[in-house]
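Subject: Structure handover

Hello,

Here is the structure I promised you. Please open it, then read my notes below.

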Amino acid sequence: MKRTGMTLAMALLLICPMAVGACSDDDTGNGQPDTGLYPDGGDLPDGGTLPDGGPVPDAGPQPDGGTPQPVPGCPALEATTGNVVNVATVAELQDAVNNAQAGDAILLADGDYALDGVYLWIDTPDVELRSASGNREAVILDGNYQTTEIITIAANNITVADVTLREAYTHPIHVVSDGADTVGTLIYNVHIIDAREQAIKINPNTAGTYPDDGVIACSTLELTDTGRPHVNPTAGGCYTGGVDGHQARGWVIRDNVIRGFWCDTGLAEHGVHCWRGCRDTVVERNLFIDNARGVGFGMATSGEARTFADDPCPGVSGYVGHYGGMVRNNFIFVSDPDLLASAAGFDCGVCFWSACYAQAVHNTIVSTGDNFSSIEWRFDTSIGIEILNNIVTHAIRDRDGIGANQAGNLTDAPLSLFVDGPGGDLHLATGASAAIDQGASVPAGICTDDIDGDARDSSPDIGADEVVAP
Ligand SMILES: [Ca+2]
Ligand SMILES: [Ca+2]
């Protein structure tokens with residue numbers, strides 16, 4: 001294991017005008033409204049011992065932020081039909097949120113809003129909070145590491161869209177169920193930069209109520225080299241991550257860019273992590289770049305977790321971290337030499353830890369250096385797992401000998417199979433005959449298109465990209 005000192009200052013090109021994500025726990029007691037004790041997920045367990053992978057291969061030219069990817073599922077959000085409340089100052093914004101009526105659309109004028117401790121607690125249902133221009137980069141809500149949670153969503157059918165959130169002391173967005181279930185959250189075309197903890201956290205605030213059926217789409221969640229030294233060093237040194245969901249059911253996390261969640265010391269939470277009894281999470285068409293861990297379903301083997309009366313995983317009892325769920329058509333890419341040289345390195349791409357009946361289908365997972373597992377599953381509750389048609393540069397690991405339905409996967413794939421393997425364009429190269437048309441048949445309906453929205457043909461290509469004839 002290696003450590004480095006300072007990270008390189010790398011130019012950050014925003015890949016597409018969209019992204020956000022994360023869920024976890026904290027109890028900072030810093031003067032924001034009493035949200036109760038968020039369930040403590042405990043210290044994040046060690047991701048396992050990294051094997052000695054020998055020298056890191058030459059990654060070639062370093063990416064300048066990755067290659068822009070088309071995002072077919074991200075049209076501009078429709079104009080609001082709500083009752084428009086225009087705001088142009090922090091005071092107006094705070095007043096509009098605190099006095100919101102159901103059906104309000106709070107539209108922010110372009111500008112930089114220095115919150116400096118001001119927070120937005122939305123507990124009225126059917127409220128939109130979005131920029132008037134639709135240009136997320138033109139409306140910046142900046143916590144300056146003084147505001148803990150910039151936006152707390154504690155009511156049904158809340159939309160947050162077309163804005164940038166910077167420098168939250170804890171979570172830029174926190175979705176909670178506060179005395180009742182919170183459903184219908186939409187986080188769309190939001191840019192989250194440099195949270196001190198997880199970028200989007202989802203968890204119950206009151207026992208027996210849950211934050212369910214939300215969507216995080218077309219957003220960018222990122223931790224930059226500038227923000228990384230500000231990460232909360234508790235829980236092993238790197239208490240951050242993208243989306244951190246606890247006990248949440250039915251979330252869809254799609255078409256996002258999630259990048260940079262790692263620390264020199266400690267193991268960051270995943271780019272998307274749902275655990276402690278989450279269910280039916282769908283993670284698709286996302287671009288994960290330079291995260292210590294990509295997607296995690298489950299984590300622990302004991303503790304407080306949500307259970308379901310309808311027995312969603314026959315044959316499993318006791319603590320379960322995640323029920324069902326699909327990880328499909330994602331690119332997961334690591335090339336940052338500083339991440340690769342960090343204490344934790346690139347741990348796992350898709351990580352099912354106490355995740356019953358989870359599916360990883362048609363993902364492309366590439367590291368230009370080491371990677372403990374491209375895909376792994378562990379703990380005896382991880383039954384019924386399906387690993388189908390993934391193309392990965394490293395290993396697929398059944399860590400506890402549980403077994404899984406595996407078909408059509410290509411491991412130890414060379415970078416030459418991709419349009420620009422070292423640079424992160426993970427579309428299949430012309431002539432990638434080891435992958436093109438080489439996938440197994442998958443059950444009808446579980447993966448009918450690819451990361452570009454291209455239809456899968458009758459001979460599916462391995463990985464997230466289906467090559468379509470011009
Ligand atoms: Ca094909
Ligand atoms: Ca394609």
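Two strands count as a pair if DSSP finds at least two bridges between them. Strand 22 and strand 26 (residues 322–323) are joined by 2 bridges and run parallel. Keep in mind that this is a predicted model.

One bridge links C278 to H322 in strand 26.

Next, look at strand 2 (residues 104–108). 5 of its 5 residues are buried, so the rest of the structure largely encloses this strand. D104, I106 and L108 point one way, while A105 and L107 point the other way. In a regular strand, side chains alternate between the two faces of the sheet.

Strand 2 has parallel neighbours. Strand 1 (residues 83–87) is joined to strand 2 by 5 bridges; N86 has L107 as its bridge partner. Strand 5 (residues 128–131) is joined to strand 2 by 4 bridges; here L108 partners S131. Strand 1, helix 1 (residues 90–98) and strand 2 make a right-handed β-α-β unit.

Last, the metal. Which residues coordinate the calcium ion (ligand 1)? They are D437, D457, S459, D461 and E466, at 2.2 to 2.6 Å. Angles among the 6 donor atoms run from 51 to 172°, and the site is irregular. E466 is buried, at 1% relative accessible area. S459 is partly exposed, at 30%.

Best wishes

Conventions
Residues are numbered from 1 along each chain as its sequence is written. Chains are lettered from A and ligands numbered from 1 in the order in which they are written. This is a predicted model: local features need pLDDT of at least 70, side-chain atom pairs count only at pLDDT 80 or more; totals for chains, interfaces and linings use all residues. Side-chain values use heavy atoms; hydrogens and water are left out. Donors are N, O and S atoms within 2.8 Å of the metal (3.2 Å for Na, K and Ca); water is not among the atoms, so sites may look incomplete. Four donors count as tetrahedral if all angles lie between 85 and 135 degrees; four count as square planar and six as octahedral if opposite donors are over 155 degrees apart and all others between 65 and 115; anything else is irregular. Buried means under 20% relative accessible area, exposed over 50%, partly exposed in between (1.4 Å probe, protein chains only). A crossover is right-handed if, with the strands pointing away from the viewer, the path from the first strand over the helix to the second runs clockwise.
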